[in-house]
Amino acid sequence: MSENHCVDVGMESLTELYKIGRGPSSSHTMGPERACKKFIKENPTVDSVRVVLYGSLAKTGLGHGTDEVIRKTVAPLECVVEFDYDTQELPHPNTMDIIGFTDGVQTAKVRVLSVGGGSISYGGRADARPARVYRESTFADIAEYCRRNSLRLWEYAVEREGNGFLEYMSRVWSAMKTSVALGIDSDGILPGGLEVRRKAKSLYRVRQLDESAETRENRLVCAFAFAVSEQNAAGEQIVTAPTCGAAGVLPAVLYYQQQKSKYSDKQIVRALITGGIIGNLIKTNASISGAECGCQAEIGSACAMAAAALGELRALDLDKIEYAAEIAIEHHLGLTCDPICGLVQIPCIERNAVAAMRAINAVSLAGFLWDSRKISFDKVVHTMKETGRDLSSSYKETSEAGLAKIELRGS
Ligand code: SF4
């Protein structure tokens, strides 16, 4: 690692990546919710609020329930939410203005960018940015440090994060387990009007007579991914991993492995931390926002995190963990974000299940082929960023193209 670091180099804490909160969208509900809370706290004298949503926040805000979350957060203050579909020149696809009034006179205004994973840039203020607790910001640098100091990735993170980190990560794992458990025990139709029925419970319970061990594994992993994703779609509590839309992948893989191989919670937390390092690298060097880089940034990142986490559980070395994460993200490159009606349901829920199975396959493949690999994790992350930049905006959480345009069966 080069010794010359300026303040902007490095990565934020994993506590900024894994956030416990309500779905269905980290950038469209958690981010705006945080922004409004901050605004009200900083401007205690305002008695009414006007919020203007731009870009993807405007185009899929209704489907994600952005306006509802804002009104609930601002209540009991009077609140008007406007959707600006026309403004093109924006600092970020998820931009919003919050304007406060006191006795009818404008007294405060702030521009907020919901940058993904529930994180916000508030008024562009330098002090609004979370501290960068990691000095390193590439896998290559981290791997070099770990090798030099004989550390596993999770040990490196614990060293950098400091006090209270392991307790926080235990709470994260506990919240993930709760979301799986509640999800596989819930029935009914998801909100939003698409009439999507929850399927986790039946996937979990309906065992086929001649089911092979492999089919059973797929069914259960999918059931757990559906469970969390359905909880998210229902606006229940989940953990961003790295986002709400992709929240089912990592818990599905880890929950299944814990049930199957009886890993302790302590081991799972170490795996979560390892996956978190991968997610943090993608967040820092590319994006975890569907509105910015398409679904490759959400589901692709989640798959890479799950692959790295599973690699830690299986005690793979650094090279193999890197390769597993690289495979996982490489085969999501170009994946578009085109949720039907802007709801985080179709294709999102199934996509979590497919990515969870893919993460397990990526780890197996990495175990066989690691010594012949040609592409580094850092390079594929860079490629993901470029691919995201080249994707048309209609495939970046605007519900203007792709699956969002097709007519559904039975409708
Ligand atoms: S398609 Fe992917 S990126 Fe878009 S909302 Fe669904 S999970 Fe998120």
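Mentor: The model is predicted: local features need pLDDT of at least 70, side-chain atom pairs count only at pLDDT 80 or more, and totals for chains, interfaces and linings use all residues. Residue numbers start from 1 along each chain as its sequence is written. Helices (H or I, at least four residues) and strands (E, at least two) are DSSP runs, numbered from the N terminus.

Two packed helices are described by the angle between their axes and the distance between the axes. Here helix α1, residues 26-42, packs on helix α4, residues 66-74, with an angle of about 25° and axes 9 Å apart. The axes are lines fitted to C-alpha atoms over the stretch in contact, and angles run from 0 to 180 degrees between N-to-C directions. α1 is therefore roughly parallel to α4 (under 35 degrees counts as roughly parallel, over 145 as roughly antiparallel, 65 to 115 as roughly perpendicular and the rest as oblique). The crossing of α1 past α4 is right-handed, meaning that the near helix is turned clockwise from the far one by less than a right angle.

From α1, the contact draws on H28, T29, P32, E33, C36, K37 and I40; from α4, on T66, V69, I70, T73 and V74. Contact requires C-beta atoms, placed from the backbone, within 7 Å. The residues of this contact divide into six nonpolar, four polar and two charged. In that grouping Ala, Val, Leu, Ile, Met, Phe, Trp, Tyr, Cys and Pro are nonpolar, Asp, Glu, Lys and Arg charged, and the others, Gly among them, polar.

Elsewhere, L113 sits in strand β5, residues 105-116. L113 is buried because it has 24 C-beta neighbours inside 10 Å (buried means 20 or more other C-beta atoms within 10 Å, exposed 12 or fewer, partly exposed in between, with C-beta atoms placed from the backbone). Beyond neighbours within four places in sequence, the contacts of L113 are P91, H92, N94, T95, I120 and S121.

Two non-glycine residues have positive phi. K262, with phi near 55°, is in the loop between α10 and α11 (265-285), and its 8 C-beta neighbours inside 10 Å make K262 exposed. S399, with phi of about 55°, lies in the segment after α16 (377-390), and 23 such neighbours make S399 buried.

Cis peptide bonds join A241 to P242, with omega near 5°, and I346 to P347, with omega about 10°.

Conventions. Two residues are in contact if their C-beta atoms, placed from the backbone, lie within 7 Å.
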